[in-house]
Amino acid sequence: MADRQCGGTVQRLKGQTVCFTGRVLVDGEWTVRERCAKKAQQHGATPKTDFSKKVTLIVYGDLASKVVTDDRRAYSSTLVNAEAQRRQDLHVCVVDGDGFSKLIKGGSAPCLELRKASTGHVRPVAAPEADSGLLGGPLRLKRVGPRVYGDLTLDLSALDRAKAAHESTVGALIAHLSRQGVEARTYAPGAPEFDAGWSRGTDVFVAEVKSLTGAREDQQIRLGIGQVLDYTHQLRSAHRGRRIHPVLVLEKRPSDGRWVALARGVGIRLTWAPGFTGL
């Protein structure tokens, strides 16, 4: 890739010519392009509806419903053009929703690299060192099959159902993140063994996934809260200055609404399948 003329950081919106690929997750709220364009304009940027050589900044949003224009690589047309510009040493900056949120608050944001994912789609990602020591390789589902019980008197069928529900939730989470151009990852060697992790810009998210099948809901949620807080504490201690966010992912909406307020109170993002609100 050509050297980044921005030095790897987008300093401000003022003076930028901005193109949005779709609705953008701004501070946890999906925001349509028209509203994003107004926010950018209020901070001195010039919004454009389509990509052109005048565009200096792309805000990468939701492309799940977009039709791609390059079947061979399955890139979106906007990112195809951005990649082509970069190969010609005409650098176009790319930020995600978190980056755009920082820019409209007057801060700076990391300019993301463009990397081809295993699915063939281009993925805007942080520089490789951004999640070093935190995230490992792509997250893969574990095979869940029936056990041979033999003479065991303990009924393990409920455990098998719980494991199947857990892996189903993990699979749904992987798919949900993938639709946003985000790759779910496993933990890095030596890091706490969280269930899933991912990055958005320089922010890293670590998640514990809990099924509610065949178990007491309150016990599972309490356990998940303790685990993800422990993981986050360990990682923040080892990587001081890094923005690491704990996430508790549930198989389904909890029956008791108090868990939402409790999680928010201790700084955990609580979400559940199938919609994964807030992610």
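View 1. With a relative accessibility of 4%, F20 counts as buried (buried means under 20% relative accessible area, exposed means over 50%, and partly exposed is in between, using a 1.4 Å probe and protein chains only). You're looking at a predicted model, so here are the ground rules: local features need a pLDDT of at least 70, side-chain atom pairs count only at pLDDT 80 or more, and totals for chains, interfaces and linings use all residues. Residues are numbered from 1 along each chain as its sequence is written, and side-chain values use heavy atoms, with hydrogens and water left out. F20 belongs to strand β2 (strands are DSSP runs of E with at least two residues, helices are runs of H or I with at least four, and numbering starts from the N terminus). Look for A37 as well: F20 and A37 are 17 residues apart in sequence, and their C-alpha atoms are 7.9 Å apart in space.

**View 2. Aromatic rings that pair up.** How many aromatic pairs does a search of the whole structure find? It turns up three (rings of Phe, Tyr and Trp, taking the six-membered ring of Trp, pair if their centres lie within 6.5 Å; planes under 30 degrees apart are stacked, over 60 edge-to-face, and the rest tilted). One of them joins F20 and F100 edge-to-face, at 5.4 Å centre to centre and with 85 degrees between the planes. F20 sits in strand β2 (residues 17-20) and F100 in helix α3 (residues 97-104), so this pair ties together parts that are 80 residues apart in sequence. F20 and F100 are both buried. W198 is buried at a relative accessible area of 1%, and F205 counts as buried at 1% relative accessibility.

**View 3. D203 and its salt-bridge partners.** The count for the structure comes to seven salt bridges (each is a side-chain nitrogen of Lys or Arg within 4 Å of a carboxyl oxygen of Asp or Glu). One of them links D203 to K102, with the closest N and O atoms 3.1 Å apart. D203 lies in strand β14 (residues 203-210) and K102 in helix α3, so the pair ties together parts that are 101 residues apart in sequence. D203 itself counts as buried, at 1% relative accessibility. Its side chain also meets that of R243 in a salt bridge, at 2.4 Å from N to O. This link joins distant parts of the chain too, with D203 in strand β14 and R243 in strand β15 (residues 243-250), 40 residues apart. R243 is partly exposed, at a relative accessible area of 45%. Put together, salt bridges that share partners join K102, D203 and R243 into one network.

**View 4. The R216 and D218 salt bridge.** The closest N and O atoms of R216 and D218 are 2.8 Å apart in this salt bridge. Is D218 buried or exposed? At 19% relative accessibility, D218 counts as buried.

View 5. Going from A273 to P274, the peptide bond is cis, with omega near 0 degrees. P274 lies in the segment after β16 (269-272). F276 is in the segment after β16 as well, and F276 has a positive phi of about 50 degrees although it isn't a glycine. F276 is buried, with a relative accessible area of 1%.

View 6. L229, L262 and V266 make a nonpolar surface patch of about 200 Å². Patches are built from residues with over 30% relative accessible area and no salt bridge; like charges are joined within 9 Å, and nonpolar side chains (Val, Leu, Ile, Met, Phe, Trp, Tyr) within 5 Å. The areas come from the Shrake-Rupley method with a 1.4 Å probe, and for residues only the protein chains shown count as cover. L262 is found in helix α6 (residues 258-265) and is partly exposed, at 32% relative accessible area.

**View 7. Cysteines without disulfides.** The structure holds zero disulfides (a disulfide is a pair of cysteine sulfur atoms within 2.5 Å). C19 is buried, with a relative accessible area of 1%, and C111 counts as buried at 2%.
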